[in-house]
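Please open the model in your viewer and keep the selection panel at hand. The tour below goes from one selection to the next and says what is found at each stop.

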Amino acid sequence: MKATLYYRGALSSCNYDCPYCPFSKTTDSKETLAKDKQQLADFMSWVREQQGAGHELSIFFNPYGEALVHSWYREAMTELSHMPHVAKVAIQTNLSVKLDWTEQLARGKAAFWVTYHPGQTKQANFLSQCMKLYEQRIPFSVGSVGIRSAFPAIEELRKLLPEDVYLWVNAFKDQKAYYTEEDIAHLSRIDPLFQLNIPDYNSFGKSCDAGANVFYIQGSGIVKRCYSDRRVIGQLYRDGLEGLSADRPCGMKKCGCYIGYIHMPELKLDEVYGKSLLERIPAGFAR
């Protein structure tokens, strides 16, 4: 089976303190970090075993907080990128960690979903980190939440990044009707796909790959249908992919987050992002 696995362990801490994020400047205890490390070790053991089962896996780490400050995530990404049955490994990160380890990543398999947080880091430092990936020809996208106070910094970053690096803007949805038509036009000039992220798509009862060949793995091995439709559909280490897979229409009224709605077949977003759907790089930008 070809499967996409989103993995999220016990980690819930971040080195940034963005005002809109519930995990900003939280600190995990030693016990929680030890638990997170062991959970990832268990997941890695399971992934290694899947080569013999004939599965092809794409893996995306979407932690609550920043994972790459912890060595076990860096080591996992490196190892996964070299596994023959792993087609892709990607991670959501603020890219604040040193990047000397990325030289060990297998080219063509590892990718980064990089979030830019104006106010949490100096733009020059962030740009320097991005350019280290760019010079190594490691695929990555860059993006930010489109809150109005961040517009100037996002626009400036777009000017500074190489043209073939895609910069996405996530629509700020905590306030209804947040954007004016002028805002949308402005952000669409920065991110030509911004308007794809604005809607909350009607999803209830509709077909979705979530639960069929896309799975949301918790550190304990519990598997949920989706990050938003949190129905528990099984246990990875007990049921395996064959035992988990089934067609499961969406149980949520709306789907408004990229990592969810990209798996709705009717949107045909695989035609937009191609092989870089996971790390959010449109086909025309992929290097």
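Predicted model: local features only at pLDDT ≥ 70, side-chain atom pairs only at ≥ 80, totals over all residues.

Residues are numbered from 1 along each chain as its sequence is written, and side-chain values use heavy atoms, with hydrogens and water left out.

**The strands**

Select residues 86-93, which form strand β3, together with residues 110-115, which form strand β4; the two run parallel and are joined by 5 bridges. Helices (H or I, at least four residues) and strands (E, at least two) are DSSP runs, numbered from the N terminus, and two strands pair if DSSP finds at least two bridges between them. Within this pair, Gln-92 stands opposite Trp-113 of β4.

Keep β4 selected and colour it by accessibility: 6 of its 6 residues are buried, where buried means under 20% relative accessible area, exposed means over 50%, and partly exposed lies in between, with a 1.4 Å probe and protein chains only. In a regular strand the side chains alternate between the two faces of the sheet. In β4, Ala-110, Phe-112 and Val-114 point one way, and Ala-111, Trp-113 and Thr-115 point the other way.

Which residues cover the two sides of β6? Select residues 167-170 to see Leu-167 and Val-169 on one side and Trp-168 and Asn-170 on the other, all of them buried.

Select Glu-279, in the segment after α9 (270-273). Glu-279 counts as buried because its relative accessibility is 2%. Show the residues around it, using contact in the sense of heavy atoms within 4.5 Å: leaving aside neighbours within four places in sequence, Glu-279 is in contact with Lys-88, Ala-90, Ala-111, Phe-112, Trp-113, Pro-139 and Ser-141.

Move to Trp-101, in the loop between β3 and β4, which is buried with a relative accessible area of 7%. Not counting residues up to four places away in sequence, Trp-101 touches Leu-68, Arg-74, Met-77, Thr-78 and Phe-112.

Is Asp-209 buried or partly exposed? Select it in the loop between β7 (201-202) and β8 (214-218); at 28% relative accessibility, Asp-209 counts as partly exposed. Leaving aside its neighbours within four places in sequence, Asp-209 is in contact with Val-214, His-263 and Pro-265. Asp-209 and Arg-225 are 16 residues apart in sequence and 9.4 Å apart in space, C-alpha to C-alpha.

**The helices**

Select helix α5, residues 181-190, where Asp-183, His-186, Leu-187, Ser-188 and Ile-190 are buried. The buried residues of α5 pack against α4 (151-160), β6 and α6 (194-197).

Now show α4 with helix α3, residues 123-135: their axes come within 11 Å and cross at roughly 40 degrees. That makes α3 oblique to α4, since angles under 35 degrees count as roughly parallel, over 145 as roughly antiparallel, 65 to 115 as roughly perpendicular and the rest as oblique. Axes here are lines fitted to C-alpha atoms, for helices over the stretch in contact, and angles run from 0 to 180 degrees between N-to-C directions. Where the two helices meet, Gln-123, Phe-126 and Leu-127 of α3 face Ala-153, Glu-156, Leu-157 and Leu-160 of α4.

For the last stop, select helix α1 (residues 30-53) and helix α7 (residues 236-244), whose axes come within 12 Å and cross at roughly 40 degrees. α1 and α7 are therefore oblique to each other. To display the contact, pick Gln-39, Asp-42, Phe-43 and Trp-46 in α1, and Leu-236, Tyr-237 and Leu-241 in α7.
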